[in-house]
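I want to go through some helix packing and then the chain contact.

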Amino acid sequence: MTAGTDTAVVRRDGPGLGEAETNARLARSWATPPGLWGWLSTVDHKQVGRRYVVTAFTFFVLAGLLALAMRMQLAGPERTLLSPDRYNQIFTMHGTTMMFLFAVPMMEAFAIYLVPLMVGTRAIAFPRLNAFSYWVYLAGGIMLWVAFILNVGPDVGWFSYVPLAGPQYSPGKRVDFWAQMVTFTEVAALAVAVEIIVTVFKQRAPGMSLNRIPLFVWGQLVTSFMVVFAMPAVMVSSSMLIMDRLIGTHFFNPAEGGDALLWQHLFWFFGHPEVYIIFLPATGFVSSILPTFARRPIFGYTALVLALFATGFLGFGLWVHHMFATGLPHLGNSFYTAASMAIAIPSGIQIFCWIATLWDGRPRFATPLLFVIGFIVVFVLGGLSGIMLASVPLDSQVHDTYFVVAHFHYVLIGGAVFPLFGAFYYWFPKFTGRMLSERVGAWNFGLFFVGFNLAFFPMHILGLIGMPRRVYSYPAGVGWDELNLLATAGAVILAAGVATFVGNVWHSLKHGVSAGDNPWGAGTLEWATSSPPPSYNFTHIPVVTGQEPLWTLPQGLPAQGLPVVGGLRVDQRELLLTTVVDADPDLREPSPEPSIWPLLSALAVTALFIGSIFTPWAVVWGAIPLAVGLIGWFWPKSPPDTPEPVID
Amino acid sequence: MSRALRIGSLGLALCLALPGCQGVQSALDPAGHQAGRIAGLWWLFLGVLAVVYLVVLAGLLIAASRPRRRGVLPNGPSFAREERIERRLTGGLTAWAVGTGAIILTLTGLSYAVDRDILGLTDKAELEIEVTAKQWWWQVKYNDPVPSRSFETANEIRLPVGVPVRIVLKSQDVIHSFWVPNLHGKTDLIPGRVNETTLVADREGRFRGQCAEFCGFQHANMALDVVAMPRDRFDAWRESQLSPAAAPADDLARQGQQVFLSAACVMCHTIHGTTAASRVGPDLTHVASRPSLAAGTLPYSKGNLAGWIADPQRIKPGNQMPITSLSPDQLQGVVAYLDSLK
């Protein structure tokens, strides 16, 4: 179409175009091509988000099975189910998979799916980068697991301390696969973080000023900034490790002037914020679920947002509490004690606001709320044991023991996985159009809660009575036998809880009750569209007048009663950009079509990354296909799509 | 939600009932000044934080179950924010945050105090022991200003009761962590660095220490015995360790010594008083006086010693000691010889 064409063919939503016609045209503009090609080239954030969810959950189950294998080995003293070599690979794979391939990607998955819906826009920012990030993440995960199956799985822990992980003490390729997996997943995580930041800053529906942003979105925004600042540290350190191993640099070799502790500083500068990168999105789940089921707007919105920011900042000042035993100066350690203790204050504020919301509401105890209550019970205990770990003297006893294993499972399963299951039950209707069974949900919660506490509470005591972490076996007669057996029994019940969930999903996908747009009577924008949402998310971009837009409607009015803004093109992919603070309409911006180039570029990146495990030349020759991929991806279109100012 | 609590108190009761808390590797059964102070701090933290936990659980329980006003709508908010309630809750939040801050400050102060107190021992050390961690055993050297009065042992540390001992910590290969929970918290041994800690035993006893930083294949079997003994017995033990190995007393032991000095054994081990002077593996000059074998893997006995020499890779797979092809007679001789090295 040339510039001279009759402007009448440019169709915009609004008066003059009927609802049915608008929807039909939007569906055509935003459609993903059918068949395998469409599957490979899609840039729809909902499809990519669903893939992330399914893939991350698969890794969760796999890593959970590894945990079961470890519990079987440790059920009694001196058992020989697993050899030390196998056990070391298994505990490394468990931690690595849970942290890099499950927890962070799962939280990103929810951000990818929900943030655009919650802020009321048609698509995520940089949708092709989004598709690319998924393929890179998938490739990294598959590479690691194929290596593990081929007995080349990493065996030096998810933290890969040098010099144990260095070329001298870990010859072979095991550690290289680990380090390269980090590179893969960090590329993916950084891409998603940038998308979320831009989506939240520039694509919020008109009227969604900063003080009306849903807390889930705030959580994801703060998390994304943490990713942007934390992930480079681990990419730098893993790249230095790869160079030490591949081309003989000596960053971490003390014999050549390198430093073994440098690794720990860099790794934990990432590793501690990582915990909050996992936890803050989960607080978003809690802050979404609670108001809906307490049927009351969240108490302390401003305090909760500030708590997110405080956690985000303090989270970067704690890393040395992972290194209290390394002999750093004691005055320095004291600062990190204070910072680590201080983070209890924003966490305490969050807990208070959530309980207060429940207190003042009229709760309906559906499964999502059960998981939120379970979250408070479990996470608070983990937070309190965290206060113990902040103390240098206490940490010097329990550091690297089962006490720490208990602590961080209370924090991570309690703080992230309980809310995550709540989120599954809460948003499953939105994702699929069907409800999960509430009856099975109660069983799921019960088994998970009991199994979890039975598995992990005894570990506190085990650590105090001397059992170190990461041991494939322990001697009889030290007094650890009974508690280990108890923990193994708990792990089996926990696994049964997860199996119940999988069964519930399996059954409900086909036979679940049809959900409708807003089955829970929730207040945020993702419930203002159909379940599952159409490819273009909303027929018209809503105008936001409160923190819970759907609750500002007069009672009984359906979501269609929301005020809307018109004027976006319906015959092309177009987004409404708004200003950062007040979300005033600013620009109309084209959004990219489906493309195969993100997949091809991801494949080129994969070839380069995996090749460079074996030869540095892969970086040189691998750059060629990657350049081709990127050139294809960014090839200029004619006529160029350019943002246009909002006229009306 | 009270289930976690019940499990918690049950676990605690269980712990107190079990012999575990009184164990040879327990931070809750202190036998030294530092471990004692830390255990005291632990019970204090536990008490304060348990009260906090109970308050949160009580709040949650009441929030979830308190009676409500009637007239709930099926969907959506039952009522919007009410000024009065919001104000009251905000007051509560402020009090809660201030309370949290006060508790945190108190606990931080207590932690600092204990930390300083523990460090106060550093300058009072009367003895120096140099521990070098190797995959997967501990080389232990008793340093003395008179070089000829220094000696080496492995996988065991003996301490005189009541005497602060400086432990100098080094690593020859990867990062390890030195941890004897009954006496003190852990300190890492890091290649390229020298760390220090101080131990003091308040009472006699035999304790178990273990490497607490993952150090590879046999991290699980890298333990050491710590024996606290009265000063006079310690001095006697020290004198005995300073003496060279006893000469073999019978034919079998003599033959065993010959085998030891001509087989692969001599390539790695030292026995003072013989030509064996290699420093790859543990010093065996007084091996039979030690409580355990292979860094706490097996209790010391003649039978375990024979089993260990016959096939160290079966007992501790991946360790650095190779299988030495000895005939049964030779093995018997070597075991008899080593068993005579008290």
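**Helix pair in chain A.** First a reminder to myself that this is a predicted model. I looked up α14(A), residues 402-432, against α15(A), residues 438-464: they pack at about 165°, with axes 7 Å apart. Angles over 145 degrees count as roughly antiparallel, so I log α14(A) as roughly antiparallel to α15(A). The crossing of α14(A) past α15(A) is left-handed.

**Helix α3(B).** I checked the length of α3(B), residues 83-119. Its 37 residues at 1.5 Å each should span 54 Å, and the end C-alpha atoms are 54 Å apart, so the two agree. Then I asked which residues of α3(B) are buried. The list is Trp96(B), Thr100(B), Ile104(B), Leu107(B), Ser111(B), Val114(B), Asp115(B) and Ile118(B). What covers them includes α10, α11, α12 and α13 of chain A, along with α2 of chain B.

**Chain contact.** Chain A puts 80 residues into the contact and chain B puts in 80. On the chain A side, α4, α8, α10, α11, α12, α13 and α15 each give at least two residues. The largest share is from α11(A), with 12 residues. I noted the classes for that side too: 51 nonpolar, 21 polar and 8 charged.

How values were computed. Residues are numbered from 1 along each chain as its sequence is written. Chains are lettered from A and ligands numbered from 1 in the order in which they are written. This is a predicted model: local features need pLDDT of at least 70, side-chain atom pairs count only at pLDDT 80 or more; totals for chains, interfaces and linings use all residues. Axes are lines fitted to C-alpha atoms, for helices over the stretch in contact, and angles run from 0 to 180 degrees between N-to-C directions. Helices (H or I, at least four residues) and strands (E, at least two) are DSSP runs, numbered from the N terminus. Angles under 35 degrees count as roughly parallel, over 145 as roughly antiparallel, 65 to 115 as roughly perpendicular and the rest as oblique. A crossing is left-handed if the near helix is turned anticlockwise from the far one by less than a right angle, and right-handed if clockwise. The expected span of a helix is 1.5 Å times one less than its number of residues. A residue is buried if 20 or more other C-beta atoms lie within 10 Å of its own, exposed if 12 or fewer, and partly exposed in between; C-beta atoms are placed from the backbone. Two residues are in contact if their C-beta atoms, placed from the backbone, lie within 7 Å. Ala, Val, Leu, Ile, Met, Phe, Trp, Tyr, Cys and Pro count as nonpolar, Asp, Glu, Lys and Arg as charged, and the others, Gly among them, as polar.
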